[in-house]
Amino acid sequence: MTTLLIADDHPLYRDALRGALSLSLPALTLSEAGDLTSTVDILNREDIDLLLLDLHMPGSNDLFGLIHIRKLFPDVPVAVVSGTEDTQLISKIMSAGALGFIPKTASSGDIANAVQAILDGDVWLPPNLSDSVDDIDEAFSELVDHVASLTPSQYKVLCFMRDGLLNKQIGYNLDIAEATVKAHVTAIFKKLGINNRTQAVLIASQLELEPPATSEH
């Protein structure tokens with residue numbers, strides 16, 4: 001029996017994926033998660049043969065969810081499921097360690113083919129995009145390795161630095177002391193091998209990170 005984890009914050013899309021996969025691949029057990037935290041919890045508890053990961057679910061914040069999961073669970077194959085079909089972003093997704101990219105517009109047949117191919121040990125890209133996606137970018141993969149060492153809190157600080165926020169503003173947004181922000185910034189510089197905010201912004205921009213949504217007070 002093969003176990004898949006569908007990590008997506010839209011219940012309707014999880015249901016659609018479940019339906020498509022159950023028809024084509026009946027010998028499947030399917031688990032579901034709606035955010036990065038519950039995804040990590042399930043991966044810690046269960047033996048998952050393939051993770052279908054939405055880049056934009058809560059906590060994932062674009063590429064960080066993929067990078068974070070690849071760091072914690074390097075032996076779990078990951079296919080990214082996304083509404084975007086931007087070939088540059090797909091190249092980065094593959095360079096960050098994904099074994100497949102499935103557009104949300106994919107047919108149920110393509111989804112089943114993608115899942116079966118990845119379970120068989122192959123890499124899968126949509127046939128109409130495979131020729132446009134660049135080969136693995138080794139420099140970008142090295143950058144991803146550095147970013148993987150950041151904690152989720154440090155990552156959020158990096159996002160806000162990219163958006164030009166000062167330490168005091170970052171502290172307000174994350175509801176933490178300014179001294180804590182400074183400690184995070186120091187740790188980020190050390191882990192990324194940099195020494196100023198300009199370099200941090202450049203790295204964050206290369207990863208196409210998005211600022212995390214903040215809860216309303």
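In which helix does His68 lie? In this predicted model, where local features need pLDDT of at least 70, side-chain atom pairs count only at pLDDT 80 or more, and totals for chains, interfaces and linings use all residues, His68 is found in helix H3, residues 63–72. Residues are numbered from 1 along each chain as its sequence is written, and side-chain values use heavy atoms, with hydrogens and water left out. Helices (H or I, at least four residues) and strands (E, at least two) are DSSP runs numbered from the N terminus. His68 counts as buried, at 10% relative accessibility, where buried means under 20% relative accessible area, exposed over 50% and partly exposed in between, with a 1.4 Å probe and protein chains only. When neighbours within four places in sequence are left aside, His68 is in contact with Leu36 and Pro152, contact meaning heavy atoms within 4.5 Å.

The interior was examined in terms of nonpolar cores, each a set of buried Ala, Val, Leu, Ile, Met, Phe, Trp, Tyr and Cys residues joined through side-chain atoms within 4.5 Å. The largest nonpolar core holds 52 residues, of which Leu51, Leu66, Ile93, Met161 and Leu207 touch the most other members. Helix H9, spanning residues 178–192, gives the most to this core, with five residues. Apart from this core lies another, of 21 residues, including Leu17, Leu21, Ile111 and Val115. For Leu66, with neighbours within four places in sequence again left aside, the contacts are Leu53, Val78, Val80, Ile93, Ala96 and Ala98.

Side chains of opposite charge can pair when their charged atoms come close. With a salt bridge taken as a side-chain nitrogen of Lys or Arg within 4 Å of a carboxyl oxygen of Asp or Glu, the count comes to five salt bridges. One of them joins Arg14 to Glu32, with the closest N and O atoms 2.8 Å apart. This pair links distant parts of the chain, since Arg14 belongs to helix H1 (residues 11–24) and Glu32 to strand E2 (residues 28–33), 18 residues apart. Arg14 counts as buried because its relative accessibility is 14%, whereas Glu32, with a relative accessible area of 27%, is partly exposed.

A salt bridge is also formed between the side chains of Lys104 and Asp54, at 3.8 Å from N to O. Here too distant parts of the chain are linked, with Lys104 in the loop between strand E5 (100–103) and helix H5 (108–119) and Asp54 in strand E3 (residues 50–54), 50 residues apart. Lys104 is partly exposed at 25% relative accessibility, while Asp54 is buried, with a relative accessible area of 3%. Asp8, Asp54 and Lys104 are linked in a network of salt bridges. Asp163 pairs with Arg162, their closest N and O atoms being 3.0 Å apart; Asp163 is partly exposed at 36%, and Arg162 is partly exposed at 21%.

Helix packing was examined for H7 (residues 152–162) and H10 (residues 197–206), which pack at an angle of about 100 degrees with their axes 8 Å apart. Axes are lines fitted to C-alpha atoms, for helices over the stretch in contact, and angles run from 0 to 180 degrees between N-to-C directions. H7 and H10 are therefore roughly perpendicular to each other, a class that covers angles of 65 to 115 degrees, with those under 35 roughly parallel, those over 145 roughly antiparallel and the rest oblique. Leu158, Met161 and Arg162 of H7 make the contact with Arg197, Ala200, Val201, Ala204 and Ser205 of H10.
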